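Please look at the structure before reading on.

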Amino acid sequence: MKEEKQYCVCIDFGHGETTASYIDLTAVYPENKEGASDVPKLNILKGSTDEARKVETVICRGEDGQWKFATDQEDFARPDLAMQFKAQVNNMQEDDKEHYKAFINLVFKAIIANNGILHFDENNPQARNFDLCIACPSAWGEDDKNGHNSVIEDYKNFFLEALPINEIKFVIRESDAAFFKFIHLTKQNPNLKILVIDLGSSTIDFTYYPHNENNKYPQGAANGASRVERAIQDWCTETQDTYKKAKSVIPAVLEETDNKKINWEMSVRHYIKEQKEVFYTKSQNKMGLNLQTSRVVGDILTDKIETKYDCLDILYHCNINKDFLDDPILTDYRSDLKDDLKRLHDSGVAPEMILLTGGASRMPWIKDLVEDVFQGTEVFCDNNPSYVVSDGIALYAYADSKFRRMLEEMEAAIKNEFTDNILVEFIEGIVNDAFKEVQLPPILKICDDFIEGKFTTLKALLSKVEQHNNSVIGANATEINMQVSKKVHAKLDNMISGKINRIFQECFHTKSSVSFQLNWNGVDFSSIFIDNDFDATIIDDIGNYLFCQGIFSGTLNYDKERDWSERKQFGEHFRECQEGATFSLPESIRLSTLAACNRSINQTLNTVKTKGLFWIY
């Protein structure tokens, strides 16, 4: 295991906003009063306020022509404003790729500049004291059986092209990160049926846990929370006199001054979005919209607009109370969302608990809507939804780091516990048991037949035994193979899965979904033979012993017919020898079974290392 950096920088590049948290992998984090660890945040913008810890996923060109974060109201009216560029790499237009790479680079540089604990030298990027972890949308791509996902791997490579580093520690699905924060915070059993509803600005993702072959990343919907500000803006267009006037006046002035590319209505929408967030974050009863023209188009153009058209405000004393916002302004949006939830419910999704994530989960009517569709199901909302994903990435990075350290220790312990000699001894014991199950009953039946007088000479006994020995392996090789593999699997599964589950429980509060699989290919017991000399020798030894004891009369003649008393005493000794007999595996079988066990142990450990609690990329 390569040496880890001290910190993990964990960034949630969202469609609407981007947040960053971090974790110190060398620290021990005390639990807060809820029994969970608080996750420290990173400043993306200058300052130490909550507003500095996140940035909208929007850029524009500054006065110097370079890309910058769009932070001022006027920025959102710029003709070169770029937003909504996050997508699967193969679906991005070239402009979107340029914009997203510029944004990624801006975020990375801003985090380095505004957080003194992080050390980075562009001339020696490997010497940094942090690794980078990011998230991707939950419904992107399909995993193959080994956890490979070309869509997410392309996304990861896209980031590496944009960044001055050559490695990203991992990419995790957004819903997995949110889910992990939830089980960390609440100490819930991860095996509960939990539905994660991630309400983003452009889309809504539904993810149902636990995953299985028929239920991976079920579905999403296009009804993101940006529809709220669009609905409010549409309502303003229809009802507000100042906005109606602005819609006729401002385009005329922009035309006259050759500023037609200024997207003033996008700036208005951004203002409404900001007011919406304040309204829901602070649980206000009334949303007040007051937007001066100068905040959108700047002082110079405003002078022209005011002088010629007397249009000082775009929105003035536009007050919307909570109930009126819910209905009629958001009636259509609420109805569409409810239809999305009903389709999900009717598809058979029956969660025991629902987790709402994303900034839109602050809207209280969302929770009411979900409870109305999934009646009787507890709905949980995070207190700080903007950071659910970045916090979840950080918590998972911390748990995963501990998990991999413990796995490495376990792997060393297994090598000490299961040396080649111990494994061979263990396998030979199982093989002997399996052989006895098919070998011993017929041999003892031959012995009983001898005692009962179905044949009465030692020569006939030896002949019957040799006939059995020469045929028993070929006739039972498949059964022997199955029995041996089954018992080897049970023993190793109990030992290794038990160790893995103890580590999983400590790191992830659940059992591993990876079970030990014995890869028995290449093992063939049909080539084993039973040495007839062994049986010939014990028959001879028993006969000589009984002759010396005076029990066998006459000479030790193999053709001599023996009476019942002689046969009985001989049979008891013969049975005892057969029941206690063992044999060693031939070298070729010993090597093939040893290789199969070691190969299976390594494959299981590698699968566990690759997957952890979730597939990470």
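The sections below describe a helix pair and then a sheet.

## Basis of the model

The model is predicted, so local features need pLDDT of at least 70 and side-chain atom pairs count only at pLDDT 80 or more, while totals for chains, interfaces and linings use all residues. Residues are numbered from 1 along each chain as its sequence is written, and side-chain values use heavy atoms, with hydrogens and water left out.

## The helix pair

Helix 1 (residues 94-114) and helix 2 (residues 150-162) have axes that come within 9 Å and cross at roughly 65°; helices are DSSP runs of H or I of at least four residues, and strands are E runs of at least two, numbered from the N terminus. Axes are lines fitted to C-alpha atoms, for helices over the stretch in contact, and angles run from 0 to 180 degrees between N-to-C directions. Helix 1 and helix 2 are therefore roughly perpendicular to each other, a term that covers 65 to 115 degrees.

In the contact (heavy atoms within 4.5 Å), Lys 97, Tyr 100, Lys 101, Ile 104 and Asn 105 of helix 1 meet Tyr 155, Phe 158, Phe 159, Glu 161 and Ala 162 of helix 2.

Three strands make an open sheet in the order 5-4-6, with antiparallel pairing; two strands pair if DSSP finds at least two bridges between them. Strand 5 (67-69) and strand 6 (82-83) stand at the edges with a single partner strand each, so one side of each is left without a neighbour in the sheet.

Strand 4 (residues 58-61) pairs with strand 6 over two bridges in the antiparallel sense, and Val 58 stands opposite Met 83 in strand 6. Helix 1 packs on the sheet, where helix 1 touches strand 4, strand 5 and strand 6, and the direction of helix 1 makes about 60° with that of strand 5.

Definitions and conventions. Parallel < 35°, antiparallel > 145°, perpendicular 65-115°, else oblique.
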